Structures are given as C-alpha cells and as structure tokens.
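Please prepare a short briefing on the structure shown below, with attention to helix packing, charged pairs and the nonpolar surface.

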Amino acid sequence: MSFTLKSKSREQDMTKGGIMSNLLTFAVPLLIGNLFQQLYNMVDTYVIGQTGIAGDYAAVGSVGPIINILIGLFSGFASGAGVIISRYFGAGDKKGVEKAVHTSMMLTAILCVIFTVAGVISAPGMLDLMLDSERAGYSEMFGAGKTYLTIYFAGVSGLLIYNMGAGIMRAVGDSTRPLYFLIVCAIANTCLDFLFVFKFKMGVAGVAFATVISQIISAVLTMAVLLTTSSCIKITVKKLKLDLKTLKLIAIIGVPSAIQLALTAFANVFVQAYIAGTNGDMTVNTGGWTTYSKIDQFIFLPMQSLAMASSTFVSQNLGLGDTKRAKRGALFAYLMSTFCTILIMTPVLIFAPKLASVFNSDPRIVATAATLLHWITPFYLFCSVNQIFSAALRGAGCSTVPMVIMISSFIVVRQIYLFIMSNFISNDLIPIGMSYPVGWGTCCVLMLAYYLHFDFNKAFDKK
C-alpha cells in the first residue's frame, strides 16, 4: 500500500529532482556533521598531547582500532537498517518504514548491553595484542589505554543509540538534525576535555569521561526527536519489538557489512602492532602514526559523506524501481568524491609538517607524521572508488561481495604484505605504513570490476 509523504519533517525524497542537488543537499550537512565528529574526537588527542606525556598521547591515539572493532560491528547493522528503511521510504511503504525503525531500535537496545560487556572485558587483551611488552614505554601505554577503553566502553551505549537514531533520520533524507546534535556534542566534549584535564587534572580518564558524556547528550537529543516527530520514523515505545521478517532483511545486508568492518578493524590492531614494532623509538613511531591517522580521518570525510548519500540515493530510487537514476547517482557521487579528495590532498601534501604540529609539539613525532603523509596521501584516490561504489552496492542490497572484496584486500593482502615486508625486506616505518595503499589499490581494482558487472535490476526482491 503506497502513501504520500507530507509530514512537516525534514525528510528528503531522492527519487525526484536533480541528482547532484539531491546528493549535495544530503551530503553537505553530513560532511559538516562528520567534520564536527572528527574534531571532537581529535580534541581528546590534542588535549592529551598538550600535557607533554608521550605515553598518554600515543595510547589515546592508538586505541582507535580496538574501538572500531565493536563500533564496526554495530555500524554494519546500522547500515543494513538504513538501506531497508530507505527502500521502504522510496517505495512509499509506511508500514514497512515503521517496522524497520522499531526493529532497528530494539536491536540497538540489545546490542548496547552486549557491546558494553564485551568491550570492557576484551579491552586489556586487545591492548596486549597491539603493544609489544618488550619495548620501552609499554607499561605507560598499556595503563593509559586500559583506563581510556574501560571508561569508553562502559558508556558506549550513547554512541550506539545516536548512530542508529541518526541513521534512521538519514535513511529518509534528513541529514540536518544529526548535524545539529553533533555540533552540540562537539562543543560539550571540548569544554569537558579542558575542564577535566586542565582544571581537575584527570588525564586520560578525563578525556574518556568527556567523550562518553558528550555522546550521551547526542543520544538523548536524537531520541527526543524520534519519540516526538509526526513523521513515519516516529518511535512508539509500545511498538518496540523485533519483527523477524524485517530483522532478516536487515541482517542480509547488515551482517556482511558488520563482519567486514569488524574484521578490518581487528586487522588494524595487528597493523598497529607492526607499527609499534618498527625500527626506532616505539613512542615516536606510534605517536607519528597516531598523528597521521588523525589527519587521515579528515581526508576521508568528503568521500564518506558522499558514500552515505550514494547509498541512500540508490536505495530510495531502486525502491521506486528507477535503476537508471540509481546508477547515475552513484556515478555523480564518485566524480564529486574524486574532485573533493584532490582538493584536500593538495594542501595536506604542501603543509604536512604544520598540520602534524597541531596535534603534537614533539619535533620527532611531527617529522614522522609528515613523512607518512607525504608517502601515503596520493593514494587516497583509490579510496573514492572503494567508498562510493561499495556504498552504492549496499544501497542496492548487495553487501556480501563488497565484504569479500574488502576483507581480501584490507586483511589478507595487507597482512601478507606486512609479514613479507617486516621479515624479509624492511621493518622501517614507511615500508610498513605503505601497507594501507597496497590494500586500497587491490580493493579499487576488484571493487570497480564487480560494480561494472553488477545487475541493478536484480536488487532486493527483484530476482
């Protein structure tokens, strides 16, 4: 049964209007929101960097792969939910949207409990995998990392609820309100970081508490909208349950994505271990990699935002049955992503040392990060292909093959490269760091080849 969407909400029907304007209208608020999210994440690293304690700085910056394992698992389910909601929204199926929204939020509530327990319990073991206990600085990094992760995972529910709630809004084209909530979250995190670290001298624990509290604020704001909106994504507490048919549809798309993101993040724990084990000072090399990683996240922002826009665009248009428009949207998103990536790469290459010095004042760490940026940055052009076309495939309901391609490229090929390089060729930082471009390049070739042969007419239930 179809219906006409005439609510006063900020929903965006991407089945109508100009393709570029639709993508930009959706992606720009998302880009600004992601920028604020990265900024408030980086404030943690910046504040700790200003304390002058190299072990704390390296620890806070290096725990990202551990956090991303559980967050990656959840993000996969969230992406599956988003695709299903977008599909129903594009087809005008109000009941389908309602079932998907309530199933998604019930699933989130269950996963909040599981991920909190799993994160707190697994954190020390994951740190041991990542750090070399025989190297200088191990005890300082392990202690600081354990403190940060324990607090972070104890309060991870705020992040999960926000991510799913924001994903629901974006699935129907509303990327504006999630932006507002991230801005509030970023401001809160920044203020609390300075208060806890510089005023109360709480160190790493202060940074972790600031992050958790700010994420809880964003979750509360998101739920307030979903509980009070008059649109089709309104949440009614009594309707919260797992609809098995809808859960199956979410799982078909979400499980492969979750496996891919979690395994890739897990593999990055080993990459971090290789970085920590490279020739030279572990604190300097890890600190340099941490600084590079923070800048790396900025470079990814436009392509990630356009990838999410591409997924929603493709899903909505395929829900309506407009295959040609869906494919054109993916192409437009790729061209825009490549253009934006080149615009960002240029100043990064020119001003690498100055950018690195924003995060740490140690000249050794700054020099190391700048060298990594000069070597790796040109290869981000591969990532536009990987991000946009894998997102378009997920929007079409195909997530298994992109999962296989990314696991093969980012885990198998990358780990083989790291093993051979570190044991037989060179265990210096730059050759080890180049494992990233090797994985990106492999994925680019395989992903493009599969995308060009994918039959969009067989998306969803059209087999």
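Are helix 10 and helix 14 roughly parallel or roughly antiparallel to each other? Helix 10 and helix 14 are roughly parallel, a term used for angles under 35 degrees, whereas angles over 145 count as roughly antiparallel, 65 to 115 as roughly perpendicular and the rest as oblique. This is a predicted model, in which local features need pLDDT of at least 70 and side-chain atom pairs count only at pLDDT 80 or more, while totals for chains, interfaces and linings use all residues. Residues are numbered from 1 along each chain as its sequence is written, and side-chain values use heavy atoms, with hydrogens and water left out.

**Helix packing**

- The axes of helix 10 (residues 282–320) and helix 14 (residues 380–395) come within 8 Å and cross at roughly 30°, where axes are lines fitted to C-alpha atoms over the stretch in contact and angles run from 0 to 180 degrees between N-to-C directions.
- Helices are DSSP runs of H or I with at least four residues, numbered from the N terminus.

**Salt bridges**

- The structure holds 3 salt bridges, each being a side-chain nitrogen of Lys or Arg within 4 Å of a carboxyl oxygen of Asp or Glu.
- Arg177 and Asp174 meet through their side chains at 2.7 Å, N to O, and both residues are buried (buried means under 20% relative accessible area, exposed over 50%, and partly exposed in between, with a 1.4 Å probe and protein chains only).
- Arg364 forms a salt bridge with Asp281, with the closest N and O atoms 4.0 Å apart; this pair links distant parts of the chain, since Arg364 lies in helix 13 (residues 363–376) and Asp281 in the loop between helix 9 (244–276) and helix 10, 83 residues apart.
- Asp362 also forms a salt bridge with Arg364, the closest N and O atoms being 3.0 Å apart, and the shared partners join Asp281, Asp362 and Arg364 into one network.

**Nonpolar surface**

- Val184, Leu195, Phe200, Met202, Phe209, Ile213 and Ile217 make a nonpolar surface patch of about 530 Å², a patch being built from residues with over 30% relative accessible area and no salt bridge, with nonpolar side chains (Val, Leu, Ile, Met, Phe, Trp, Tyr) joined within 5 Å and like charges within 9 Å.
- Helix 7 (176–199) and helix 8 (203–228) are the elements that give two or more residues to the patch, and helix 8 gives the most, with 3 residues.
- Phe200 is found in the loop between helix 7 and helix 8, and its relative accessible area of 46% makes Phe200 partly exposed.

Methods. Accessible areas come from the Shrake-Rupley method with a 1.4 Å probe; for residues, only the protein chains shown count as cover.
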